[in-house]
Amino acid sequence: MSAKQKQVETNKRGAFRKYVIFLWGAAFLALIGIVTFFLMLANSDLPDFKELENPEFELASVIYDNKGLEFGRFYTQNRVPVTFDDLNPYLVDALVATEDERYYQHSGIDFQALGRVVFGILTLNGSKGGGSTITQQLAKLLYDRPDFSGMNKFQRIWTLGVTKFKEWITAVKLEKSYTKEEIVAMYLNKFSFNYGAYGIRAASEIYFGKPQRDLKIEESATLVGMLKNPSLFNPVRRPDTVIYRRMIVLNQMRKAGQVTKAEYDSLRVLPLDMSRFKRVSHAEGPAPYFRAELAKWLRGLFDREEYRKPDGSKYNIYRDGLKIYTTIDVNMQNLAEEIMLKHMETVQNRYWRVWRNRDPWTYDADAAQRSIRKRGLQNLIRFSERYISMREKYLGDLLIKVDEDKGIRLSDWDIQNLIEEESKKGTIARLRSEEVISKDRAKKYSAILKSKEWEAIKENYLQFEIAVDEAFNKPVPMKVFAYNDRLEKDTVMTPMDSIRYHRQFLQTGILAIDPRTGEIKTWVGGINHKYFQYDHVQSSRQVGSTFKPFIYATAIALQGISPCFPVKDEAYTIAPGDGSFGLLDPWTPQNADGEYTGDVLTLYEGLKQSKNTVSVFLMQQLGNANVVRGLIDNMGIDSSAKRPDGEYRVPNVPSICLGSADLKVMEMAGAYTTFANDGVFSKPFFVARIEDENGRLLYRGFPEQRVALPPKANYVMVDMLKYARGIGFSDNESEVGGKTGTTNDYVDGWFIGVTPSLVVGTWVGGEDPWIRFLSLANGQGSVMAKPFFISFLDALEKRKDVDYEPDARFAIPEEDLDIETDCDKYRGMFETPDYDLFQDQDSFQDSFIEDIN
C-alpha cells in the first residue's frame, strides 16, 4: 500500500471517528433534550399526584326521599359517579373490546398499537386503528383542548405534540395512582355524552330512560360507540351513522369472544330505539317547589362555619356531589301532585264560568282600586323576560354609564319623574317634600338632567315605551299553561293577554307533615313550577277560621271550659276598657253572612259553623289577646315576628280570633301537629341527613318538640275538630279532624286536616286579591280546599307504598277527662224557653255550669 493510499485510509478512519463522535454527541444531546423536554413537561401544568388521587369532577348532588329513592339533583353538570363494581358488565366489555383491547396488558401507553399507527402513516396505508389507550383518553379529558386560532402550521404541530406528550405522562401517572378498574370507572364518569349527560349514569337515563345497570347489550354498544365522537355519533340526530358505529362495537365484542356469532347477527340488525330519550332539567320531576326551597335552605346551612369544608370553604351543592336525604315520601308526593291537578282543574273551571264576560281588573272597583290593579299589571309586564330584554336593548348602555358616573341605577319610575320635572318644574321638590325620595337622590336627579346623556335617555325611553306597547299588544305564537296531559298548549295571543291569562289561574299551597316527628312528607307550592315559580307553602295569606281552634284551645286549657258550653248567636261587643285589649273604639264584628240566628250554640257547633260570634265571645271571656298569642307561640307560630311595616304578624288585638292574621301554610300545618300529637308541637323539618361524596356525615336533622297543650285540653280539641271536619269522611278508616277557613271577599280558602299520622294544610287562592270567587257557595274553604284533602286521604288509605297509617288513633288521656264532652243530655235545655227567662246570658251559663258540675 502506497503512502498516498495510507493517508487516504487514515483520513477515512479519522472522518469516520468524527462522524461516530458526532452521532454519539447528537444522540447524547437528543437524550438530554428529550429528558429536559420531559422534565419541563413534568413540571408544567400537569396534574400532580394529589390532583390525580382527587380529580376535580363537577359532581351533581343527589336528593333522596325517606326510603332512599332518588328524586332530584342539583348540578351545573349532571354527573353522578358510578363505581366499577356498579358498572354494567356490557359497558365494560364493549369499552375494552372497542377502545383498548390490550388494556389489561399495558401501563398506560400501548406501544404495539402506537407502532402500528406510525407504520400505517409512514407507509401511507392509514393509521390501522387508534393508538390511544383508555388511560390516555381519560388523561385527555383532564385537559382543556388547545386553542389553535391565530397559530401558524408549525405552532399548531408543536402545540399538538406537547399536548400529546403531556397526555402520555399523565397516563403513566394515572396507571401508578389507580387500578385498571378505577380508571375505567373514572373515564365513563368523566365523559360528556351531550344533552347535559355528564357521565355514563346520566347518559343512560337521558338516552334510554333507565339506570345504566339495566342497559341491554345493544344500548351499551350505542353509548360506547359515542365515545369516539359524541357529536358525529349522536343517536338523536344521526341514527343511521350510530347504527353503523354500534355494529362496529358489537363486532369488536364478537372478536373478543364476549358475544357469539349468532348473538352478533341478531343484535346488529336491531333498530335504534330512542323512544325514551328525554332531556332533563332541575324543574322536572317530583316536588319542584320543594327542591327550590331545599336549595335555598342548603345555601343558608353551608354559610354557617360549622358546616363548611375542612379547609374552611363552602360546600357547593351544584358541584360537590353531596347526598341529601330528605323526609319527603316521593310516592306520597306524586300522589299529592296528581290529586292536586285534578282538584285545581275543577276549581279553575268553576272560576272561568264565574268570570265569563267579566274583567277582574275592573269589576266592582272604584277609581283607586282600578289604579292599584292597573299598576299590578304594569309590574307584571316589567318583570317579564320580554320587557327586560327590550329595556336592555334601548337603555342598557346609557343606564350603565349613568350608574358609573352618578352612582344611581335609574328605574322606569325614576325616568318618568325626570321627564315630568323637565315638563313641569317642581316635581323633584314635591317628591322631596313628601319624603318620597331622599335629599341625595334629589341631587342626583338634578345632576342627570344636566348631563349629556339625559337627552339620549329620554329619547330612547320614549321610543322604548312605544315599542313595548306594540310588542305586548301584537298576537304571537306561544305556549301557555293548560290543564291537559302536557300541562301546556300552543296558542296565539298577545303577551299582554298571556300575562292576564296566567294571572287568573288559582294557586295552591299544600304541606303534609307527620305530627309525631315533624317530618315533612309532601310539599306542593303551586299548580305548575314551569309557569308559576312562586311557592305558596311559604307565602303569608290570611288564615280565616283555621285560626279559631287556637282561641277555643286557649279557653279550654286556661278556663277548663266545656265544649258543651252554651253561647247565643248574637252580636257581642268588646268595648274600650274591656279586659286588657286596649281598644279605643267598640268592636262588634258580624258573622260571615252578616246575620245572627239567635240560636244557642255549643262550642262544638260554634266551631263547626265557624260562627264569629262564638269566637268573639270566647275572646271577650279571655280578657286579652296575648294569652292566645302565647299558645300559638308554643305551637310554632312566632308571636314576636313582625311584618315589613313593623307591625306584629299576629297582633295583640281581639280581631285575631276571626283569623285576620296573615300566616304561612308551613306555620298553620305545623301548629296543627299539636292537636294530632297529644298536645305536643313537632317542628316541621325536611332534611334527615347530608353526606359528602365519600359518605362522610355533614349534617343530621332531629325532631324538635315541646308541650303546647295539656293532654286533656288537647283531647277535647281533637274531639271538636273531628266534629268540625264536616261531611265527606264516612267511608274512611282513618280517624279524622279538620277545620275550614274562608277570608273576606272569598280571597282565600283553607282546610287543615288532621289524622294521628298526618297533618295536611291546604290553601287555595289567587295571586292577587281580585282573582277570587264572588260568592260563598264557590269561595269557601269547604269548596276550594277541603275536596283535595278528602281525595288525598281516600287515595292514601288505598296505597301500600306510602308512609301512612290509616289504623293509627289519637291519644286518649289515661286519667278522667274532667271536662264534659257529652252534650246530648244538655241539648234540651238550650231548646226550651228557660233560656229567655234569664235576664242575661251570664246567668244562663252559670246555671249550665252548676248543672254539669
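Modeller: The largest cavity is lined by Thr-755, Leu-758, Val-760, Phe-789, Phe-792, Leu-793, Leu-796 and Tyr-804, where a cavity is a set of points, on a 1 Å grid over the protein atoms alone, at which a 1.4 Å probe fits but cannot get out, and a lining residue has an atom within 4 Å of a point. This is a predicted model, in which local features need pLDDT of at least 70 and side-chain atom pairs count only at pLDDT 80 or more, while totals for chains, interfaces and linings use all residues. Residues are numbered from 1 along each chain as its sequence is written, and side-chain values use heavy atoms, with hydrogens and water left out.

The space in the largest cavity comes to about 30 Å³, and a search of the whole structure finds one cavity of 30 Å³ or more; grid points are joined across faces, edges and corners, and the volume is the space filled by probe spheres set on the points. The lining divides into seven nonpolar residues, one polar and no charged, with Ala, Val, Leu, Ile, Met, Phe, Trp, Tyr, Cys and Pro counted as nonpolar, Asp, Glu, Lys and Arg as charged, and the others, Gly among them, as polar. Helix α29 (786-798) and strand β18 (758-765) each supply at least two of the lining residues, and the largest share, four residues, comes from α29; helices (H or I, at least four residues) and strands (E, at least two) are DSSP runs numbered from the N terminus.

Phe-792 of this lining also belongs to the largest nonpolar core, which has 168 residues, and is one of those that touch the most other members, along with Trp-523, Phe-547, Phe-550, Phe-675 and Ile-690. Such a core is a set of buried Ala, Val, Leu, Ile, Met, Phe, Trp, Tyr and Cys residues joined through side-chain atoms within 4.5 Å, and buried means under 20% relative accessible area with a 1.4 Å probe, protein chains only. Helix α13 (residues 330-354) gives this core its largest share, ten residues. Apart from it lies another core, of 49 residues, including Ala-139, Phe-193, Leu-215 and Met-226.

Strand β6 (residues 507-513) pairs with β7 in the antiparallel sense over four bridges, and among the bridge partners are Ala-512 with Thr-522 and Ile-513 with Ile-520. In the hairpin that these two strands make, six residues lie between the strands, and Gly-518 takes a positive phi near 90 degrees.

Conventions: Buried < 20%, exposed > 50% of the residue type's maximum accessible area, 1.4 Å probe, protein only. 1 Å grid on protein atoms, 1.4 Å probe; cavity = no way out; pocket = protein on both sides within 12 Å on 5 of 7 lines; lining within 4 Å. Pairing = 2+ DSSP bridges.
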